[in-house]
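Subject: Model for your files, with notes on pockets and annotated sites

Dear colleague,

Please find the structure below. My notes follow it.

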Amino acid sequence: MKILLQNKFLAQVKHVVLVLSGKGGVGKSTITTELALALVHAGKKVGILDVDLCGPSIPRMLSVGKPEVHQCDAGWVPVYADPQQKLAIMSIGFLLEDSDEAVIWRGPKKTALIGQFVSDVAWGELDILLVDTPPGTSDEHLAVLENLRKHRVDGAVLVTTPQAVSTGDVRREITFCKKTAVKILGIVENMSGFVCPHCSECSNVFSKGGGEELAKLTGSVFLGSVPLDPLLTATLEEGRDFLQAFPESSTYTAISQIVNTVLSSLDA
C-alpha cells in the first residue's frame, strides 16, 4: 500500500496524476475530462486541478459554468460537477471575472497562484487527482512539481496527436519528465482517425500510429488511441457525459481501456 500525501489538504488524496503535452491543441483537456468521467463511472472519487492558466476549458467541458468559489476554514472549496460530489474541480476559470479576459501575468504571479491551487484547496477524500497542465515545459509545470514534490506525484499521462510535428514536441516532454524524475504512466494518441457520424467507419484523416511509435522509441507504455469523434466533440461542447450517452461506441471502449491501464499502473 502506498503512503498517502502529507499535506493537510492532500492527506486524503491517494494518487496524483499529471496530464501533459508538449504541444497545444492536441486535446489534453478533452482527455483529462474523459479520464475523470471514466474514473467516476469506475466508482472512483476524482478531482481535477485545472492549471492551464491561459486556456481553462475544463469548466465548460463539464458544464459547471462560472460558480463563485467559496473559502472555509480548511481552504478553498472545490466545485462539484455532480450531485453525488464524486467529481471535484478547481480551475483558474472560476476566478476570472470575464471569461473573455486574457491572463497576462508574469511568471511569479502564475507561480504564486499555482502554489495556492496545489496547497490551499480542501479536496477531502479523493482516489485520484488529475492535474490538467498547460502545453510545453514552462514555469507553470515547474511550479506544480515543486509544490507537489513535497508530497508525491504518481506519474504523468502524455497526450499527442499522430503527426510528427506533435510527437516531436511530446518527445521533449518525455525528456522533461525524465529530468524532473516524473514517472511516465503512458502515452495517449488523440485524434487518431476520424469516426464517420453516419457509418461509424474510422478514416485516418491526419495519420495514425505516431503516438504508438513514439512509445516504442522511448520505452514508454502506449495507453491507446482515441479517434476524432463528432459525438465526443458535441457532448464536450454541450457539457454532457459522452461515456454515459454513448456506451456502445468505439471511442467509449478506447477511453475505458486507457483508464483501466492507468488504474492497473497506479495499483501496482
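The expected span of a helix is taken as 1.5 Å times one less than its number of residues. Helices (H or I, at least four residues) and strands (E, at least two) are DSSP runs, numbered from the N terminus. This is a predicted model, in which local features need pLDDT of at least 70 and side-chain atom pairs count only at pLDDT 80 or more, while totals for chains, interfaces and linings use all residues. Residues are numbered from 1 along each chain as its sequence is written, and side-chain values use heavy atoms, with hydrogens and water left out.

Helix H1

H1 has 14 residues, and from its first C-alpha to its last it reaches 20 Å, close to the 20 Å expected at 1.5 Å a residue. Twelve of the 14 residues of H1 are buried, so the helix is mostly covered (buried means under 20% relative accessible area, exposed over 50%, partly exposed in between, with a 1.4 Å probe and protein chains only). Among the buried residues of H1 are Lys28, Ser29, Glu34 and Leu37. Glycine 43 follows H1 and has a positive phi, near 90°.

Pockets

The search ran on a 1 Å grid over the protein atoms alone; a pocket is an open set of points where a 1.4 Å probe fits, with protein on both sides within 12 Å along at least five of seven lines, and lining residues have an atom within 4 Å of a point. Grid points are joined across faces, edges and corners, and a volume is the space filled by probe spheres set on the points.

The largest pocket has a volume of about 720 Å³. Its lining consists of 36 residues, with Ser29, Gly55, Pro56, Ser57 and Met61 nearest the centre. At least two lining residues come from each of helix H1 (28-41), helix H2 (58-61), strand E9 (184-195), strand E11 (222-228) and helix H7 (230-238). H7 gives the most, with four residues. By class, the lining has 16 nonpolar, twelve polar and eight charged residues (Ala, Val, Leu, Ile, Met, Phe, Trp, Tyr, Cys and Pro count as nonpolar, Asp, Glu, Lys and Arg as charged, and the others, Gly among them, as polar).

The second largest pocket has a volume of about 240 Å³. It is lined by 14 residues, and Leu37, Ala81, Asp82, Leu87 and Asp241 lie nearest its centre. Here H1 gives the most to the lining, with four residues. The classes are six nonpolar, five polar and three charged.

Annotated positions

An unreviewed UniProt entry lists Gly22, Lys23, Gly24, Gly25, Val26, Gly27, Lys28 and Ser29 as "binding site". From this set, the lining of the largest pocket takes in Lys23, Gly24, Gly25, Val26, Gly27, Lys28 and Ser29. UniProt positions are in the numbering used here, feature names are shortened, and annotations may be inferred rather than shown by experiment.

Lysine 23 sits in the loop between strand E1 (13-20) and H1. Its relative accessible area is 28%, so lysine 23 is partly exposed. Leaving aside neighbours within four places in sequence, lysine 23 is in contact (heavy atoms within 4.5 Å) with Pro135, Val165, Ser166 and Asp169.

Glycine 27 also lies in the loop between E1 and H1. Glycine 27 counts as buried because its relative accessibility is 17%. Not counting residues up to four places away in sequence, glycine 27 touches Val159, Asn190 and Met191.

The "binding site" annotation in the unreviewed UniProt entry also covers Cys196 and Cys199. Cysteine 196 is in the loop between E9 and strand E10 (202-203), and cysteine 199 is in the loop between E9 and E10 as well.

Regards
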